[in-house]
Amino acid sequence: MKVIIVGAGEVGFHIASRLALEGKDVVVIDKNHDAIRRVTDNIDAQVINGSGSSPIVLEEAGIKNADILLAVTNSDEINLVACLVANIISPSTKKLARIRDADFDKYHDTFRNHAPHIDTVINPEIEVVKTIERLMTMPGAVDVGEFADGRIKFVGIHLDEKARLAGARLSDVSAMSEKQSPLIAAVIRDDKLIIPRGNDRLMAGDLVYFVSEEDKVLDALAVFDKHAEPIRRVLIVGAGRIGFRLASLLDEKSIHTKIIEKNPDRCAQLAERLNKVVVLHGDGSDQELLNEENIQDIDVFIALTKNEETNILASLLARQMGARKTITKISKFSYFSLMSKIGIEQVVSPRLSAINSILQHIRRGKVLSSISIKGEEAEFMEAVALETSDIVGKPLKRISFPEGSLVTGIMRKKNIIIPSGDSVIEPEDRIIIFARRQAISKIEKILMVKLEYF
Amino acid sequence: MKIIDVLNKETILPDLKAHDKKGVLEELVTPVIHIAGVNKKDLVRVLVERERLGSTGIGGGIGIPHGKLKDLESLILGFGLSREGVDFESMDGRPTHIFFLLMTPENSTGLHLKLLARISKILKNNLFKEKLLNATDSDEIFNIIKEEDEEF
């Protein structure tokens, strides 16, 4: 499989390195010498120094033979033109583009159905706002993702010392849960991913990932001693595109929302476009301002400025001053592992969201979505089990799953089945598989169809 | 059903030029689109999508790309030879030389499966494969297939 990536920024670089590791044929195009050098130094990929919107550069990159074109520069316009040019030279290449400007929101379908025929428009900001909304409503969750149009969720939580389950064996979890016991897929302990078995114990401080049906998530969280508290007051710092999207959403839901922004012009703009949201002009990391705005009564503090260091510090400050919960926007991946150590639990990243929406298109077999968990050590994949593939027609225990993988859910029409070794997957079932990175290519193989599939 | 009943001389390509999967698919469909009166882009897209679910390169130098298409009136068969061989992501990881392209209408019944079975069956014959690989033009290829087809 050949993939051309236009733009070697954080997203382009990351996708390129993942695909190169999986043995795919990757070409990276960027104008910037430093960005190109970073690719050649770290990744086994072909590079071209030039503009990704140029037909000559795209031809040189081999667009005619490419399966997928990924346009992920930081400019919407360049991404659009790159797709337009690719559509002319090589119409059958699948095109994915990152387009962030909200003005384009209504035109995503038009871009798909008419030239430039972009198969998937990725707007990481929409995804991030969704993630923030999910994190807000789930007590204690540090990572949340969803499948099957939201009917199944996976949730990552830190196990508190006082929690009943701290020290419990996995096999005892169901006896200790009042209602339904959550299906625990993975544990991250000291930055290491563990797929626990019945005899393994959960420890305080573990980041525990479990899968649950939507309407039972709160019950499952209660098993981990995380209880829902209503959200009444929200304070947002930074009125960029994400800040504005989030504020409008909270506005509609009638949650008391305040938003702090440094730029007075932007403040005026927002005040005009938002209804009940209070727009404040000032610095979100200013202790006095936070005090004035009664930070101690805030249920969720969300730092979304362009500057991630500011976001981290503002969140720490807010937490210390009594905000009940903080959510912090981070872009640099190298900061992720630091966050829980300095006490920042809930982190969102538009780039990670972009990568997740791109990955599903690159996976083989009929993969509907694929979401990396923290640290990218493993993925949750949602796929359709196709006729003639190895996964259908026999009990799970008789299928040779690679080490480090687990089927965590089966959806048959409207029903959700939490599988056991005797469960049999039928064609057209939707399945959710959790897999370590090393196991992914083997999982892809299991999902693949035989020759007889039409 | 006989292969020869559906194989048209015009859709036989004795010397494929492309070096990669997508290029070969584009080349294989080119003579087919005139006969079938379908859009090339749609056709290639169907084939590429099918390959994504699992390669039709079954090993032994053989690839049988296939798919279903809505606007097709009847089943269509194409053939191509690549002298150099192509990386078709086949199961044995070796280059692919012999290609049968099979397109069927969306509502087609079991017929296409029978044809697929027949194609994979005659390709088990190594002597036949050898002859195909050494053929020079479409007439010769047509006759070799015809001869083998009548054996059954």
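Student: In which crossing, left-handed or right-handed, does α1(A) pass α14(A)?

Tutor: This is a predicted model, in which local features need pLDDT of at least 70, side-chain atom pairs count only at pLDDT 80 or more, and totals for chains, interfaces and linings use all residues. Residues are numbered from 1 along each chain as its sequence is written, with chains lettered from A and ligands numbered from 1 in the order in which they are written. A crossing is left-handed if the near helix is turned anticlockwise from the far one by less than a right angle, and right-handed if clockwise. For α1(A) passing α14(A), the crossing is right-handed.

Student: Are α1(A) and α14(A) parallel or oblique?

Tutor: Helix α1 (residues 10-21) of chain A packs against helix α14 (residues 350-362) of chain A at about 40°, the axes being 10 Å apart. Angles under 35 degrees count as roughly parallel, over 145 as roughly antiparallel, 65 to 115 as roughly perpendicular and the rest as oblique. The angle therefore makes α1(A) to α14(A) oblique.

Student: At what angle do the axes of α6 and α9 of chain A cross?

Tutor: Helix α6 spans residues 124-137 and helix α9 residues 241-252, both in chain A. Their axes come within 10 Å. The crossing angle is roughly 50°.

Student: What is the mean pLDDT of chain B?

Tutor: pLDDT is the predictor's confidence in each residue, from 0 to 100. In chain B, 99% of residues reach 70 or more. The mean for chain B is 89.

Notes:
Axes are lines fitted to C-alpha atoms, for helices over the stretch in contact, and angles run from 0 to 180 degrees between N-to-C directions. Helices (H or I, at least four residues) and strands (E, at least two) are DSSP runs, numbered from the N terminus.
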